[in-house]
Amino acid sequence: MLDIQNLSVQYAGNDQAALSDVNLSFKRGEFVCVLGKSGAGKSTLIRCINGLLKPTNGEVHFDGKAITMLNEADLRQVRREMGMIFQHFNLIPRLTVLQNVLTGTFGYRSSFRNLIGWFSSEELERAHRVIADVGLTDQTKKRVERLSGGQKQRVGIARALLQRPKVLLGDEPVSSLDPGTSNHIFTLLKKIHDQHQLLTLINVHDVNLAKRYATRIIAVTNGKITFDGAPNDFNEEVFELTYQ
Amino acid sequence: MWFKRSSIVTFLLLILFIYLSMKQTEFDLSKFADFRNMIDFLSQWFPMDTSNLPRIIEDSILTLAMAFLGSFLGLLVALPISFLAAWNTAPSRFLYQITRVILSFVRSIPEIVFGLILLTALGLGPFPAVLAIMFHNIGVLGKLVSELIEASDPGPQEAMKAVGAKNGLANLFSILPQIWPNVLSNYFYRFEVAIRTSLILGFIGGGGIGQRLFNDFKTFQYPAVSLDVFVIMIIVIVVDLLGNIVRKRVI
């Protein structure tokens, strides 16, 4: 479903490559956690997948399309099939939960309709349904800056869900949350993942979370893949190598 | 502890600049020896002549209309331009540079110069004054808003791109809600400035209470002048209060 071939990323003014010659292949239904130190290249990897970042070299194929070769309009079509959640949630301040979630439909609608804020009853109904799915029905009309961190991430998840994604990307979605909330968010992500048979790719710092929820773990060290396998095989030795 | 040796140099330099500036501006406190003249002069201002009050209020409304229309049209034009003049939303490097140059050019021309040109070209009256205020405010608000855009959090913008929204829409939706309270705040300040500017533009024939003040002053009708000044003060205070209320409601 998703293939990464010879992917390399070199940031301007940096000697070391952020990613060098990465080859990975993912199937629908996999719940992948990406581990690695800060600055190892995890975020770079995730952002190459939905084209927020153009790689220096290599290709990303999604459902037979080479994402790295697409023009802006085609790239937008691919992006709407990939939901993304962020460390700092990246919600739009001053808008309500419902308004934020509804922006998840933007990729499917005309600019004019988006600007006017004209949503069909089907779209509104679906928005309310995903808000219920993440357990925020009581907060629907609340402005997002009044929510707690965990609730904000739930809004982020609902927004991604409204895209009807095939892929769910997460760039350290629980790194600014406490351990208990992190656990709840992961349980929710896993539930949604199973329900919609997604391909889920998430960066995490917490190895225990990864081992508990992932079906596959990838470790990135200095821009290279140093581990790719089952959670049970991620042992003490690999841990040392990843976080040395 | 709090002062470095270099701050003594700064201090001495400041003293020098103050001295030189006083020389240039013929700053001379001994002139206040004739302070009685000022009191005599001001005593002619009272009692206020209220016979013209209805016309003064009419002129005040005209002044408010000039200031509001000029600054608000300025904001409307400046808003889209400021997205071109911010590096994080400009569609191209070239457009970014060009709009910045145009904005600073427009900003560098004072309203009174726009006013002198437009009043000559279009004839006396409030319309050229409105245009003069608008042009200057496009330059000022364009710069202020583009700086707000540049200082906004890039996170929501990234999220809107990830959702598959078009660039322009992604920028608009992720940035405008963030900066809106500050935009309004800046706008109200500029509205206040525009009221004062429209007074000056009244002096050169732009109409409104500024022109009335100027005419009353030039024809030595000081009891009328005092009422003009009083009404102007009330307008400025009311607009300031109004601005505070709106800002509180928005934030």
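Modeller: Gladly! Let's start with N222(A), which sits in the loop between strand 9 (216–221) and strand 10 (224–229) of chain A. Please keep in mind that this is a predicted model.

Colleague: Why is N222(A) called partly exposed?

Modeller: N222(A) has 15 C-beta neighbours inside 10 Å. Buried needs 20 or more and exposed needs 12 or fewer, so N222(A) counts as partly exposed.

Colleague: Is D63(A) buried or exposed, and how do you know?

Modeller: For D63(A), 12 other C-beta atoms lie within 10 Å. Since exposed means 12 or fewer, D63(A) is exposed.

Colleague: Turning to chain B, what makes the bond between F46(B) and P47(B) a cis peptide bond?

Modeller: The omega angle there: it is about 0°. P47(B) belongs to the loop between helix 2 (35–43) and helix 3 of chain B. For context, most peptide bonds are trans.

Colleague: Why are helix 3 and helix 6 of chain B called oblique to each other?

Modeller: The axes of helix 3 (residues 53–84) and helix 6 of chain B cross at roughly 40° and come within 6 Å. Roughly parallel requires an angle under 35 degrees, and roughly perpendicular starts at 65; the two helices of chain B are therefore oblique. Their crossing is right-handed, and the residues of the contact divide into 20 nonpolar, 7 polar and no charged.

Colleague: What makes helix 5 and helix 8 of chain B roughly parallel?

Modeller: Helix 5 (residues 111–122) and helix 8 (residues 167–206) of chain B have axes that cross at roughly 30° and come within 10 Å. With the limit for roughly parallel at under 35 degrees, that makes helix 5 roughly parallel to helix 8 in chain B. On the helix 5 side, the contact includes I112(B), L116(B) and L119(B), while helix 8 of chain B brings residues including I200(B), L201(B) and I204(B).

Colleague: How do you know that helix 7 of chain B is mostly covered?

Modeller: By counting: 7 of the 9 residues in helix 7 of chain B are buried, among them P156(B), M160(B) and V163(B). Those buried residues pack against helix 2 (72–79) and strand 6 (82–86) of chain A, together with helix 8 of chain B.

Colleague: Which part of chain B gives the largest share of the side that touches chain A?

Modeller: The contact takes 17 residues from chain B and 22 residues from chain A. Helix 7 of chain B gives the largest share of the chain B side, 8 residues. That side divides into 10 nonpolar, 4 polar and 3 charged residues.

Colleague: Which residues touch the most other members of the largest nonpolar core?

Modeller: Those are C33(A), V34(A), V101(A) and A158(A), in a core of 109 residues. Helix 6 (residues 126–150) of chain B gives the most to this core, with 13 residues. Leaving aside neighbours within four places in sequence, V101(A) has contacts that include A127(A), V130(A), A158(A) and L162(A).

Key. Residues numbered from 1 in each chain as written. Chains lettered and ligands numbered in written order. Predicted model: local features only at pLDDT ≥ 70, side-chain atom pairs only at ≥ 80, totals over all residues. Axes fitted to C-alpha atoms, helices over the stretch in contact; angles between N-to-C directions. Helix = DSSP H or I, 4+ residues; strand = E, 2+ residues; numbered from the N terminus. Parallel < 35°, antiparallel > 145°, perpendicular 65-115°, else oblique. Contact = placed C-beta atoms within 7 Å. Core = buried A, V, L, I, M, F, W, Y, C linked by C-beta atoms within 7 Å. Nonpolar A, V, L, I, M, F, W, Y, C, P; charged D, E, K, R; others polar. Left-handed = near helix turned anticlockwise from the far one by under 90°.
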